[in-house]
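Please keep the sequence and the structure in view while reading.

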Amino acid sequence: MKISLLKCISCGKEFPLTDIRFTCTCGNLLDVEHDLLFLKKKFHLSQKYFDGKRATINGQPSGGVWHFREIVLPSVSDKEIVSKQEGNTRLYRSKKISSWLGLQRFYLKHEGENPTGSFKDRGMTVATTQAKRLHQKAVVCASTGNTSASLAAYASEAEITGLVLIPKGNVAVGKISQALAYGAKTLIVDGDFDDCMRLIFEAQEKLQAYPLNSINPFRLEGQKTIIWEILQQLQWKVPDWLVFPGGNLGNTSAFGKALHEALQLGLIEKMPRFAVVQADGASPFYKAYKSGFKELKPQKAETIATAIKIGNPANYTKAIRSLQWTDGIVESVTDEEILEAKAAVDAAGIGAEPASCATVAGLKKLIDNGTINSKETAVGILTGNILKDPQIIVDYHLAARSKYSNPPVDIEATINDVKKFL
Ligand code: F0G
């Protein structure tokens with residue numbers, strides 16, 4: 001076998017890594033598949049190897065994604081890599097959130113601390129690198145916001161034309177600002193995210209623009225490193241649960257592959273369980289899970305967590321595989337529950353955007369209904385930065401509707417007025 005190739009997750013058909021294709025002739029999705037046994041032998045891959053390594057790119061610290069380059073994109077050279085030192089994000093503990101949840105052994109991996117403020121950068125560094133290796137002139141994506149911000153920044157770095165399609169009226173202001181500021185051509189589509197995705201598939205066929213959505217398997221290779229980094233931060237002790245939001249299901253797919261590979265490489269000896277959390281109004285994966293994955297029924301999506309406002313997830317089949325590998329479950333939460341969890345995460349001084357806080361809302365629901373035991377260890381993943389969606393925060397606090405409400409107060413310019421609040 002070649003060291004790395006593209007392989008269909010359904011019929012197993014193989015294609016060279018240099019092919020520009022995202023689905024098999026049979027219609028299913030493609031993995032980037034590495035010859036792990038060969039790589040393990042060649043680099044003596046082990047926990048110790050990754051712990052002891054000081055990875056660099058062109059003499060600079062590599063960041064967390066390329067720390068794992070042997071099992072992300074082994075054939076790449078330093079010169080080819082388009083990187084902003086993404087990854088190496090913090091793993092927080094918070095007494096406040098732990099006591100709110102009733103879960104002591106609880107960690108939050110903050111992917112909002114990446115260069116453009118979301119986990120997308122981990123995938124974008126790899127997929128943009130591949131776009132450059134394939135001499136692509138333009139990259140394109142459909143986006144609920146974060147992918148477009150990330151694509152814009154990486155396309156600028158790679159000096160490739162960036163084109164982003166975003167659904168009208170449904171993208172948080174922080175994210176649109178980034179796409180504009182970093183210089184991507186920003187097309188506001190009169191439709192929803194699922195319409196934008198449809199246009200991306202067409203653009204790839206008819207316009208030779210290279211898609212950087214999560215159907216691009218190179219994106220998922222970068223996102224795998226979130227999991228390996230967590231394992232390293234926990235001294236390779238596998239937590240009982242990994243909890244994270246599901247939209248287009250790229251992370252669900254990437255995280256399952258990361259753990260499956262870690263098991264094959266002997267980096268871990270058991271799997272954690274996945275809990276994927278969706279918003280009630282955008283929960284096709286949750287409903288399919290409840291029906292035993294008999295079928296995916298696309299829906300018109302509606303939720304305040306615009307990042308996961310997706311009704312027809314592109315990575316559905318890969319996500320099912322991840323749940324099978326991890327004995328995973330899917331939960332669904334209301335917008336109200338997301339806002340309350342967000343207020344708790346924000347008030348702990350950590351903060352994250354609404355979709356990220358679906359993680360914590362889902363965790364609370366699963367602890368309250370006894371699915372997750374208060375003695376177990378859980379790692380929640382915060383996918384995006386608090387500053388992505390400032391409007392929702394201001395609206396929430398001005399509405400003064402929960403114990404976390406913290407509305408601003410107008411005062412006279414006197415010290416007596418200040419004193420009243422101390
Ligand atoms: N959280 C945030 C903050 C996101 O931006 C997204 C997806 C998700 C969760 C869902 O992740 O698709 O891997 O299940 N945002 C995409 C975008 C769709 O266009 O920015 P997923």
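Q: Which residues of α13 are buried?

A: The model is a predicted one. Buried means under 20% relative accessible area. In α13, the buried residues are Y316, K318, A319, I320, R321, S322, L323 and T326.

Q: What covers the buried residues of α13?

A: The cover includes the helices α9 (217-223), α11 (250-264) and α12 (284-290), together with the strands β3 (30-34), β13 (273-279) and β14 (329-333).

Q: Which residue follows α13?

A: D327 follows the helix, and its phi is positive, near 50°.

Q: How many residues of strand β7 are buried?

A: In β7 (residues 106-110), 5 of the 5 residues are buried, so this strand is largely enclosed by the rest of the structure. F106, L108 and H110 point one way, while Y107 and K109 point the other way, and all are buried.

Q: Which strand pairs with β7 in the antiparallel sense, and which in the parallel sense?

A: The antiparallel pairing is with β6 (residues 91-92), over 2 bridges. There, L108 of β7 is the bridge partner of Y92. The parallel pairing is with β15 (residues 378-382), over 5 bridges. In that pairing, A378 of β15 is the bridge partner of F106.

Technical notes:
Residues are numbered from 1 along each chain as its sequence is written. This is a predicted model: local features need pLDDT of at least 70, side-chain atom pairs count only at pLDDT 80 or more; totals for chains, interfaces and linings use all residues. Side-chain values use heavy atoms; hydrogens and water are left out. Buried means under 20% relative accessible area, exposed over 50%, partly exposed in between (1.4 Å probe, protein chains only). Helices (H or I, at least four residues) and strands (E, at least two) are DSSP runs, numbered from the N terminus. Contact means heavy atoms within 4.5 Å. Two strands pair if DSSP finds at least two bridges between them.
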